Amino acid sequence: MWTPIAAILAWVRRRSTKVKALLAAAAALCALVALKRMVKNPTHFFVASEAIHFLGILVLIYKLATLKTCSGLSLKSQELTAIFLAARLVCSFFMEGDIHTVLDFLTLCSTLWVVYMMRFKLKSTYIAKLDNMPLYYVIVPCAILTILVNPHTSHVLPVRMLWAFAMYLESISVLPQLKMVQNAKIIEPFTAHYVFALGIARFLGFAHWIIKVYESGGKYLFLIGSGYIWLPMMLLAETVQTFILADFCYYYVKGLMDGRLIIYMPLKH
């Protein structure tokens with residue numbers, strides 16, 4: 001059915017890459033302004049981000065439990081997710097002990113169940129040849145950044161370094177999944193819903209930091225950190241996560257508007 005939204009998407013598809021980037025930036029800015037007006041406490045964005053991530057994992061659990069297949073799902077991304085959640089859970093236990101700790105615990109348990117199912121129960125349906133991004137491409141840079149840039153707080157050094165490592169790893173943990181999607185050129189509905197949920201979660205986390213910076217007049221970036229670098233690095237990590245998933249989210253919405261359950265990704269030249 002030809003709707004106004006479909007007409008807008010068709011118009012956007014005909015624009016150049018530069019125009020699309022500008023339109024995406026304008027849409028993101030409008031969304032941030034709307035969120036700031038609707039939600040008074042930016043911390044709620046972080047809670048919503050973690051809750052949406054948990055819901056995304058529940059979608060995967062439903063897929064594995066009912067369809068009995070993990071086809072199209074990256075085991076490496078799930079293992080990276082489990083690693084950063086475990087690191088963040090330890091930090092949350094020592095530093096916060098609140099709703100964030102509960103949500104991280106629930107998401108970690110759910111992710112570990114997905115990893116178990118993929119490694120053992122549904123191993124025959126896992127397409128390993130498409131999940132071919134080496135993990136050291138992701139883990140080594142995060143470990144180096146953790147040593148170079150980590151927060152200066154009153155907590156012990158191992159906890160501070162775990163905090164930094166979890167943040168860096170989370171920002172790029174979805175790369176193996178996106179690489180697998182690129183290799184397959186298509187993504188089935190449940191996995192698509194999961195990746196889209198990650199995109200929404202990451203945008204809300206990004207909104208949290210952008211609004212914090214705006215409300216502080218930019219001073220928030222320099223409150224704490226190693227040589228005034230830590231908080232800018234946190235903001236950079238959130239930005240990287242958001243833009244990594246933005247392209248997929250565009251094709252996800254486009255697919256829904258076209259009435260397709262299976263998302264087709266464009267060929268990369």
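**Entry 1: Lys 185**

I started with Lys 185, which counts as partly exposed because its relative accessibility is 30%. The cut-offs I use are under 20% relative accessible area for buried, over 50% for exposed, and partly exposed in between (1.4 Å probe, protein chains only). Lys 185 sits in the loop between α8 and β1 (186–187). Its phi is near 70 degrees, a positive value in a residue other than glycine. Most residues other than glycine have a negative phi.

I noted the ground rules here. The model is predicted, with local features needing pLDDT of at least 70 and side-chain atom pairs counting only at pLDDT 80 or more, while totals for chains, interfaces and linings use all residues. Residues are numbered from 1 along each chain as its sequence is written, and side-chain values use heavy atoms, with hydrogens and water left out.

**Entry 2: Lys 68**

I found another positive phi at Lys 68, near 60 degrees, again in a residue other than glycine. Lys 68 belongs to the loop between α3 (43–67) and α4.

**Entry 3: confidence**

I checked pLDDT, the predictor's confidence in each residue, from 0 to 100. The chain mean is 81, and 76% of the residues reach 70 or more. Which elements have the lowest and the highest mean pLDDT? Helix α2 (residues 17–38) is lowest at 63, and helix α5 (residues 99–121) is highest at 94. Where pLDDT is low, the predicted coordinates should not be read in detail.

**Entry 4: layout of the chain**

I counted elements next. The protein chain has 10 helices and 2 strands. These are DSSP runs numbered from the N terminus: helices are H or I with at least four residues, strands are E with at least two. Along the sequence the pattern reads α-α-α-α-α-α-α-α-β-α-α-β. Of the 269 residues, 43% count as buried.

I also looked at contact range. Contact means heavy atoms within 4.5 Å. Among contacts between residues at least 6 apart in sequence, 77% join residues at least 24 apart.

**Entry 5: α4 against α8**

How do α4 and α8 pack? Helix α4 (residues 75–95) and helix α8 (residues 175–184) meet at an angle of about 170 degrees, and their axes are 7 Å apart. The axes are lines fitted to C-alpha atoms, for helices over the stretch in contact, and angles run from 0 to 180 degrees between N-to-C directions. The two helices are therefore roughly antiparallel to each other. The classes are under 35 degrees for roughly parallel, over 145 for roughly antiparallel, 65 to 115 for roughly perpendicular, and oblique for the rest.

I listed the residues that make the contact. Helix α4 supplies Lys 76, Ser 77 and Leu 80, and helix α8 supplies Leu 175, Pro 176 and Gln 177. They split into 3 nonpolar, 2 polar and 1 charged. In this scheme Ala, Val, Leu, Ile, Met, Phe, Trp, Tyr, Cys and Pro are nonpolar, Asp, Glu, Lys and Arg are charged, and the others, Gly among them, are polar.

I stayed on helix α4, where Glu 79 lies. Is Glu 79 buried or exposed? Glu 79 counts as buried, at 17% relative accessibility. Not counting residues up to four places away in sequence, Glu 79 touches Val 115, Arg 119 and Leu 135.

Leu 85 is also placed in helix α4. It counts as buried, at 0%. Leaving aside neighbours within four places, Leu 85 is in contact with Asp 104, Thr 107, Leu 108 and Thr 111. I noted the pair Leu 85 and Leu 106: 21 residues apart in sequence, 9.9 Å apart C-alpha to C-alpha.

I moved to helix α7 (residues 157–172), which holds Leu 169. Leu 169 is buried, with a relative accessible area of 0%. Beyond its neighbours within four places in sequence, Leu 169 contacts Leu 80, Ile 83, Phe 84, Val 138 and Cys 142.

Ile 200 lies in helix α9 (residues 189–215). It is partly exposed, at 34%. Its C-alpha is 7.6 Å from that of Ile 52, 148 residues apart along the chain.

**Entry 6: cysteines**

I looked for disulfides, pairs of cysteine sulfur atoms within 2.5 Å. The structure holds 0. Cys 91 counts as buried, at 3% relative accessibility. Cys 249 counts as buried too, at 13%.
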